[in-house]
Amino acid sequence: MQETLNYINENKQRFVDELFELLRIPSISADPAYKDDVLKCADVVATHLKNAGADNVEVCQTKGYPIVFGEKILDKSLPTVLVYGHYDVQPADPLELWTKPPFEPYIEKTELHPDGAIFARGAADDKGQFFMHLKAFEAMMKTNALPCNVKFILEGEEEVGSVSLGDWVNENKEKLACDCILISDTHIYSNEQPTVTTGLRGLSYVEVEVEGPNRDLHSGLYGGAVPNPIHVLSRMIANLIDENGHITIDGFYDNVETVSDAERAEMNKLKDNPEEFKKSIGLSNIEGEKGYTTLERTSIRPTLDCNGIWGGYTGEGAKTVIPSKAFAKISMRLVPYQTPQEITEKFTKYFEKIAPDTVKVKVTPHHGGMPYVLPTDTKEFAAAKQAMESAFGKEVLPYRGGGSIPITAMFEQILGAKSVLMGFGLDSDAIHSPNEHYGLFNFYKGIESIPMFFENYSK
């Protein structure tokens with residue numbers, strides 16, 4: 001292992017330079033205008049995988065963007081780790097809020113990253129994190145330290161719901177057979193308190209439409225006499241959560257997991273600091289479901305948020321209209337034992353129920369995903385915890401994340417393997433936002449930890 005760590009240390013600058021090449025490719029899967037860039041990125045990733053020492057590298061076609069596959073099979077009697085990541089990125093809008101262009105990576109020191117952070121779209125989500133695995137694999141190959149078999153699947157549609165992945169995994173079950181799945185697409189609690197993510201929330205995402213009059217109306221001629229869909233929709237959304245932060249949808253909490261007092265106490269060892277939390281996002285105060293800490297509200301409790309709302313005239317200048325329609329996008333984060341199908345149905349019934357008879361409403365489901373939990377008494381968790389403790393030199397605690405990675409539940413269902421969520425980002429890395437970044441310290445710690453995970457898991 002020391003030879004592997006020496007190799008990593010000797011090649012740090014090259015690793016960053018190669019990552020910069022990837023970050024310069026605007027592989028935005030949500031926007032068809034970037035199709036050629038997404039395809040180019042898949043080819044570049046495949047080349048990196050070959051150069052690192054993988055065999056049978058393929059750019060596999062799907063109904064959408066390709067999946068890059070590669071493997072190194074030493075001995076079929078050895079355990080096999082499947083590494084998952086994604087090479088597509090979020091759109092960079094709003095561009096004017098970036099300090100520098102989003103696809104021109106650079107390094108800058110910050111308060112949280114005194115050693116410097118890489119600023120670029122995709123730096124933390126997920127190019128910087130999956131690239132750690134390619135470089136860790138390269139280091140193990142170059143020093144003859146790979147202790148088990150490894151397979152890679154790197155997809156190009158994670159940011160649009162992994163729409164092609166499920167079918168492809170189903171069609172390639174034998175090819176993907178493995179003992180566990182290793183994913184770095186999450187974060188740690190802090191650089192001072194490293195964590196292994198043991199849970200993720202699920203997701204139900206819907207779009208709603210409220211329709212009033214049969215056309216946009218002049219607000220002088222009709223104002224005060226007809227329902228304004230924006231007003232109606234705003235009241236309806238406001239009524240989805242009460243004064244105690246409780247979601248009012250009928251039956252919403254029926255199947256919510258009850259987390260024991262002992263588990264809650266263990267979770268809160270992470271020293272929730274409300275003042276630091278407020279400061280980090282520029283708020284003078286916070287709110288949430290009564291009876292729970294901020295850590296609990298963002299991990300073991302379900303939520304409902306309006307992600308966008310629009311209607312009427314939003315261009316330059318004034319246009320005095322009462323719009324015919326108003327729209328909103330709403331996401332609900334789910335916890336164990338809730339399902340996206342159940343929650344979407346309950347939301348739809350409740351939203352239709354609270355609509356006044358002056359308007360018509362429509363609910364359109366978008367994507368969803370199941371919650372996921374990795375028990376802390378598994379060999380997978382133990383291998384990750386020991387690896388990160390060796391790299392960081394500190395105790396590593398379990399941590400339930402608030403986000404969603406729907407493919408974890410899908411992998412377990414199809415491949416029968418647990419996913420280890422060994423991410424190294426920070427929640428302040430501004431993923432999905434302007435000025436996304438990823439600490440050099442975190443990037444290097446990931447590359448150091450991954451070979452130790454392989455060694456521990458193989459044992």
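**Domains, cores and local geometry**

Modeller: Across the interface of domain 1 and domain 2, the rule finds zero salt bridges. Please keep in mind that this is a predicted model.

Colleague: Which residues make up domain 1 and domain 2?

Modeller: The domain assignment gives residues 1-200 + 371-458 to domain 1, and 203-256 + 302-369 to domain 2. Their C-alpha centres lie 36 Å apart.

Colleague: How do you know what domain 1 and domain 2 bury between them, and on which atoms?

Modeller: The value is the accessible area that the two parts lose on being put together, summed over both, and for domain 1 and domain 2 this comes to about 560 Å², with 64% of it on carbon and sulfur atoms. On the domain 1 side, Pro 371, Ser 404 and Pro 406 lose the most area to domain 2, and together they account for 68% of what that side buries. In terms of contacts, seven residues of domain 1 meet eight residues of domain 2, and one residue pair across this interface is in polar contact, both at pLDDT 80 or more.

Colleague: Why is Glu 18 called buried?

Modeller: Buried means under 20% relative accessible area; Glu 18 has 14%, and therefore counts as buried. This residue lies in helix α2, which spans residues 12-23.

Colleague: What makes a group of residues a nonpolar core, and which members touch the most others in the largest one?

Modeller: The members must be buried residues of the nonpolar set, joined through side-chain atoms within 4.5 Å. The largest such core has 90 residues, of which Phe 411, Phe 443, Phe 453 and Phe 454 touch the most other members. Helix α14 (residues 440-458) contributes the largest share of this core, nine residues. A second, separate core has 27 residues, including Val 232, Ala 326, Ile 330 and Val 335. In soluble globular proteins, nonpolar side chains tend to be buried together.

Colleague: With which residues is Phe 411 in contact, leaving aside its neighbours within four places in sequence?

Modeller: Among them are Tyr 84, Ile 153, Leu 165, Val 169 and Ile 181, and the list also includes Gly 416.

Colleague: Why is Ser 162 classed as buried, and why is Tyr 337 classed as exposed?

Modeller: The cut-offs are under 20% for buried and over 50% for exposed. Ser 162, at 11%, therefore counts as buried, whereas Tyr 337, at 61%, is exposed. Ser 162 is found in the loop between β6 and α5, and Tyr 337 in the loop between β13 and α11.

Colleague: What is phi in Ser 162 and in Tyr 337?

Modeller: Phi is about 50° in Ser 162 and near 85° in Tyr 337, a positive value in a residue other than glycine in each case. Most residues other than glycine have a negative phi, and most peptide bonds are trans.

Colleague: Where are cis peptide bonds found?

Modeller: One joins Asp 93 and Pro 94, with omega about -5°, and Pro 94 is found in the loop between β3 and β4. Another joins Asp 125 and Asp 126, where omega is about 0°, and Asp 126 lies in the loop between β5 and α4.

Definitions and conventions
Residues are numbered from 1 along each chain as its sequence is written. This is a predicted model: local features need pLDDT of at least 70, side-chain atom pairs count only at pLDDT 80 or more; totals for chains, interfaces and linings use all residues. Side-chain values use heavy atoms; hydrogens and water are left out. Buried means under 20% relative accessible area, exposed over 50%, partly exposed in between (1.4 Å probe, protein chains only). Helices (H or I, at least four residues) and strands (E, at least two) are DSSP runs, numbered from the N terminus. Contact means heavy atoms within 4.5 Å. Domain bounds come from an automatic or database domain assignment. Buried area is the accessible area (1.4 Å probe) that two parts lose on being put together, summed over both. A salt bridge is a side-chain nitrogen of Lys or Arg within 4 Å of a carboxyl oxygen of Asp or Glu. A polar contact is a pair of N or O atoms within 3.5 Å; within protein, one must be able to donate a hydrogen and the other to accept it, and residues adjacent in sequence count only if both atoms are side-chain atoms.
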